[in-house]
Amino acid sequence: MSVDSVFVHKMWNDHELSKMVKGGVPFPMLSDGGGKVGSVFGVYLEDAGVEARGRFIIDPDGVIQGFEVLTPPVGRNVSESIRQIQAFQHVRKSKGTEATPSGWRPGKMTLKPGPDLVGKVWEVWKTKMAFD
Amino acid sequence: MAEEIKAGCARPTGGPVGEKVDVKKETHEPIVKEVKAMVTVGQKAPDFAAPAYHKGKFISVKLSEFLGKWVVLCFYPGDFTFV
């Protein structure tokens, strides 16, 4: 979503993005003239009249599980967004019985929060696991 | 001659063309501004409807149509930008 019109979206997709991604952008490119939606989400930069690089993960109930907002010159890390979605999906599937520690990726161990784990995280989770 | 400038945004310079602009003295009236709250994690997202371009068609997209699915909503500064 950006403040550009759908006509500009079409030109950008058809003439540039489709040269980077085969078949063009697979998802809807939303138009937010005037930044009304961006304002509600807190990412509309009034002075510049554009929207910051905001990314919101919304679950199947419509609940915002996470967001990240960057100023325009720095791009995002798509792999990290995907990792977060996988983590939120895992936690949701466990119905809240599991939590994913720092650096978690699918297949890595999760934590089962409860009285037995209090003060014992250091025994099961090592700092290097945040980086491997 | 026109000088080359860095990419930026258009803005009004504060007066009609060809007329001197009175520099307004700073007033001490309270600035009434709507308080904009950032959305919060763990809360429902605000619903919206927006025009969209999708696979060759112009459509209307409503966030609530995606209930039951995971959604990634991305904002970006503008088409044809570099990052």
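## Basis of the model

Residues are numbered from 1 along each chain as its sequence is written, and chains are lettered from A, with ligands numbered from 1, in the order in which they are written. Because the model is predicted, local features need pLDDT of at least 70 and side-chain atom pairs count only at pLDDT 80 or more, while totals for chains, interfaces and linings use all residues; side-chain values use heavy atoms, with hydrogens and water left out.

An open sheet is formed by 3 strands in the order S1(A)-S1(B)-S2(B), with antiparallel pairing. Strands (E, at least two residues) and helices (H or I, at least four residues) are DSSP runs, numbered from the N terminus, and two strands pair if DSSP finds at least two bridges between them. S1 (29-30) of chain A and S2 of chain B stand at the edges, each with a single partner strand, so one side of each has no neighbour in the sheet.

Within chain B, S1 (residues 49-54) and S2 (residues 57-62) pair over 6 bridges in the antiparallel sense. Ala49(B) stands opposite Lys62(B), and Pro51(B) stands opposite Ser60(B). Helix H1 (residues 6-20) of chain A lies across S1 of chain A and both S1 and S2 of chain B, at about 30° to S1(B); such angles run from 0 to 180 degrees between N-to-C directions, with axes fitted to C-alpha atoms, for helices over the stretch in contact.

## Two lysines with positive phi

Most residues other than glycine have a negative phi. Lys55(B), in the loop between S1 and S2 of chain B, has instead a positive phi of about 45°. The hairpin of these strands has 2 residues between them. Lys95(A), between helix H3 (78-93) and helix H4 (121-124) of chain A, has a phi near 55°.

Lys55(B) is exposed at 62% relative accessibility, and Lys95(A) is exposed at 76%. Exposed means over 50% relative accessible area, buried under 20%, and partly exposed in between (1.4 Å probe, protein chains only).

## The interface

In chain B, 39 residues are in contact (heavy atoms within 4.5 Å) with 58 residues of chain A. The buried area is about 4,400 Å², of which carbon and sulfur atoms give 67%; buried area is the accessible area (1.4 Å probe) that two parts lose on being put together, summed over both. Tyr53(B), Trp70(B) and Phe75(B) supply 21% of the area that chain B buries against chain A, more than any other three residues.
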